[in-house]
Structures are given as C-alpha cells and as structure tokens.
Amino acid sequence: MAKKGYMRPPTLLQKPWHFCPGCNHGIAHRLVAEVIDEMGLQNQTVGVGSVGCGVFSYEYFNFDGIGPSHGRSPAVATGVKRVLPDRLVFTYQGDGDLAAIGTTEMVHCAVRGENITIIFINNTLYGMTGGQMAPTTLMGQVTTTSPRGRGREQGLPFRVCEMLATAEGAAYVARVALFNPAQVNRAKKAIRRAFETQMAGLGFSMVEMLSACPTNWGLSPLEALKYVEEKMVPTYPLGEFKVPEGVK
Amino acid sequence: MSEQILMKGNEAVAEAAIAAGCRYFFGYPITPQSEILEQLARRLPEVGGAYVQAESEVSAINMVFGAAAAGARVMTASSSPGISLMQEGISYIASAELPAVIVNIMRGAPGLGGIHPSQADYFQSVKGGGHGDYKLIVLAPSSVQELIDHTILAFEMAEAYRTPVVIFGDAMMGQMMEPVVIPDIEPLPPNRPWATTGMEGRGPNIVHTLYLPADKLENHCNRLFAKYSEIEHNEKRSVGYLTEDAEILVVAYGIMSRVARAAVEMARDDGIKVGMFRPVTLWPFPDNALQAAARNARVVIAAEISMGQMIEDVRLALGNRVPVVLFNRIGLVPNPDEIYAAIKSKAREVNANG
C-alpha cells in the first residue's frame, strides 16, 4: 500500500509563494485548496481575492478567480453568487481589507445572509504595505503607525467573529489558528464546515484564521507562532461561534 | 408589447433593461431615480432575475462588478452623489473590461445639492471620474422614448466593446411621463467565454486589474486605448437641426436640447438663421459632425444645466474659428423663452458686426 504522502493538492498551482518565510498565508491557501479538492468542487468554484498580502490568491489557485478592489470582496462575491447560486463562492481577505476599509461590505453580506464564505486572515496589521496598525492590532503592539505601542487613543482590537455571530443571516462563524498541527487540522475542519454550510444553502459563513506575520512583527517564524498562541489567542478566543444544525 | 403606453422615464429605463435581457440589478435608493429600483425590485423576480438592494452605492457597483464577471447582463442606477461613490468601482470595471450599464439620473450638485434636474456630472463621466486612464461611453437621451432606446443600445455597446456604458438622464427626464413603445426584441444571451463561472472543461478564467510589472501595465493601457479608438471611430452620434445656413448654433444635449429646439423654432419665426446641434454620445464626442454643423456659424451657444462643462468639448472641436459662449441655468430646466432671448441678443451682435 502506498504511503500517504505530503502532496500538493491539485487545486493549488505549482508556483513559488511570494509570501515571506514563516508567513501562514501559504498554509491557509493550502487548506482551502485541500478542502475544495476533497469536496470535488474545483470546477464549481469562483474565488474572490482582495488587496493586501492575499492579492495574488488567483495566481495560486487552480480555479476561476477575481481580483476586486480593497475591501469590496464580499460585494463582488454577492454579485457572483446571485448570478451563479450553485457555485462555491468565497472571498479571501486580510484584516486590513476586511476589518477596516471593507467593514461595511462584510457586515451587510452577513446581514443579508448572503450564501458565500469569507476566509479571513487576521495577522493584526497591514502586511503588504509594511506593517501598519489595523483595527485588529493588539493593545500595546508596536507597528509602523503605532510606534509607541497601540494605546487606548488608537482604539481597541476589533473582534469580527463575535460581532458577525450576532447577525441572523450568519450561519457558520468560527475562529481558528495556525500555530501548531492540531490547530491547522481544526482550521481545515472549520473551512470544510463553512463550505458545507454554503453548499447546503444555509447562509453566510466565515472562518477567521489567526495567522503569523514574522516579518512585520520582527520575530523569527517560531517566535511568531508562539506570539499567535500566547498574545493573539487571549484577545481573539478560538472556537465556533455559530454552527447551523445541518453541518453539526 | 409593442403598443404605445404612457410611462415615466425611470420606469421606462427599468422596462427597457428587461427588454434588453438584463436580469440583475444592484442599487441603492436616491431621489430622483428611486423608481428604477422600485420597478426592477418588482419586475426582475418575475423574469427569473434578481434585484439586490445594496447597503451603499460603493457596494452596488462592486456587486455589478461580480455579476458582470460571472457572465450576467447587469445594470445599476443612481443619481449624482451616488454616482460619485461608484467612481472607484467604475475604474475597476473599465480596467477589467466588464460590460455593465450605469444610469445617472442627474440632480443638483455639488455636495448634497438638490433634487432638481442637472447636467453637472459631465466632467465626472465624460472626462474621467475614477482614477487612471479609462473612458466611458456616455449616452445622452432627450426623451422617455430615447431613454428606452439608449438603454437597449447601452447594453449592446457594453457587450460589443466589453466596457461600461453610462446613460445620462436628469431629474426631469426621470420623473416626466411620455408616450413610448418598448420594442419587442429578442436579445441573445450573453456570450462570455472569459467569464468566471467555474472552470468545467477549461483552465481558470481570471478577472483582475493588477499589472505590477510596468511593461504589462503599459500594454494593458495601450490595449484599452486601442479599443477606445475603435469606439471613437464607430460610435460618435449626434443630431443636427436647421444647421445648414445657421449663423448662430445652439449646442445642447439631453433635456436642454428639447428646450433649445423650441427656442430655435421661435427664433426662426423671426427670420434668424439659427440651428441646433445635439451630441447624442458625449463620449465619444461628435466633433466632426459639430464642425460641419458650425461651418457657417458666427457664434455658438453652449446651453447646459451646469456652470459650463460640455462647452469645453465644443471649444476643443471648434478651436478659435468661432466664439463659443455659455447659456446656463442651475437647478432648473429653463423655459424656451430664455434661450430664445439669448439667441436674439446674439443675433443683434452678429448683425451689428456685419
């Protein structure tokens, strides 16, 4: 019997990542691709990217893709899904894109119960533009625009999942992390549940992934994983905030 | 339904979109265009389509982006302040070469302005509006029947050139009722092999606007502008009225052309050699036809419901050959008397100068 190998999922194109060493975006991309392959949905998927480190998602995925403007991905995904209701339509957005400039689009997508999925990568800052403060930046966290550490006058961390779980239209909402293999496995299960929620037509779904950004945090890849576990998780507790009956 | 019926401009736009095969509409309420939304909210589900009320015009135009990328014939409508909010999305739609129709039932501006008829969004749609190098086809109907005909034409042009098309109305045209005929046409379903519909039997289709290598961005812009040249070559449209011997030429579009035409008739009764030129496409601007219409003109009056925007294209087309003056009102459609008075005054000057 052939040994189960660590193979590239067919839905991920064979290309070198543009991501920094130790960045969790590559894992997140891979998990999405694995779930789509396992569900046999490669030919029925339309991925909607974003602006930020996720901007090249359509370069890595082997399915139809759209590159929208900053923060508007849930609105673009809404347009796609209304035209193609039987397709798997998801957005892939970072915390600058989703939790700042795209807050309106995200919230109302959930409020409408739009039958799409948002994959939300939370690394507490704007990675692509050089590590500026985001609404998700931790208290005291030093970024290029909170050089003395985020203080009260710069606001407080934005817990997106907790807020969206209050929307009746949101069917599945979960926060996962990628700091060790057990968490990665849980993250994959959450993506699967979100996509199943959508394919069953149960409404809006979101998976937030706490993700390491060693470059902008000024940490080694291993230190960055530890930072997610020790610093991010207390502010952003993991778990499923909402699970529909059909996918339990 | 090819019989004549009485219809409000906004409702006519909605019915024309359905006749043209549009099945998806994304919008946000704003006076004086809300009847377009209301009519389509009622009608689209009846014809197997979808109406989605967005949380803002920013979202509405991005829903249009998504639906167009997914292969649908799609429209949005708004009025001046809402169209301002759409500018980012319009730049992306133009760059991604997505067919889409955008209706602007213009109202008074700047700022919140008012809800009166206006033509002050000419610069915004004809000269740019959003960021970057792109063009929009801009159609300027002047009656409820033309709102219908131009809506159908807009979908054809958007499809043929893979580009967004803007239809200009104003508060008066949106709200006024006129007898119309909605043509019984059978539009072909959209044929878009490039659309992001799920792969099934082909490689991935990608709709995007990012060209990081400088040479790729330059190629992209050159390709877009080759297409715009083709549109300029094929699509300039205009209507002339009594221009052959006209020593005074009134240039006006949309609702103002109706008023100008009435004023020209009044002045002709006085024996004044006056004509009217009406651009039907604002971009591409019908410069050659205007030059021909103005060949005997000694003065040209650009009549607009703005502080003077189209007048710049009139001057660009005519150069220094003939003086071009502005007749304008803000916040209302003038009576023909007012343009007639302007024509009379110019006629006296022309005669005094021999």
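1. Helices (H or I, at least four residues) and strands (E, at least two) are DSSP runs, numbered from the N terminus. The model is predicted, so local features need pLDDT of at least 70 and side-chain atom pairs count only at pLDDT 80 or more, while totals for chains, interfaces and linings use all residues. Residues are numbered from 1 along each chain as its sequence is written, and chains are lettered from A and ligands numbered from 1 in the order in which they are written.

2. Among the residues of α9(A), A:A224, A:L225, A:Y227, A:V228 and A:M232 are buried (20 or more other C-beta atoms within 10 Å of their own, C-beta atoms being placed from the backbone). Their cover includes β7 (170–177), β8 (204–210) and α8 (214–217) of chain A, with contact meaning C-beta atoms, placed from the backbone, within 7 Å.

3. β7(A) and β8(A) run parallel and are joined by seven bridges, where pairing requires at least two DSSP bridges; A:R175 stands opposite A:E208 in β8(A).

4. An open, mixed sheet of eight strands has the order β9(A)-β7(A)-β8(A)-β4(A)-β3(A)-β1(A)-β2(A)-β9(B). Because β9 (239–242) of chain A and β9 (206–207) of chain B each have a single partner strand at the edges, one side of each lacks a neighbour in the sheet.

5. Chain B is divided into domain 1 (4–235) and domain 2 (239–352), bounds that come from an automatic or database domain assignment. The contact takes 25 residues from domain 1 of chain B and 21 residues from domain 2 of chain B.

Note on methods: Contact = placed C-beta atoms within 7 Å. Buried ≥ 20, exposed ≤ 12 C-beta atoms within 10 Å, placed from the backbone.
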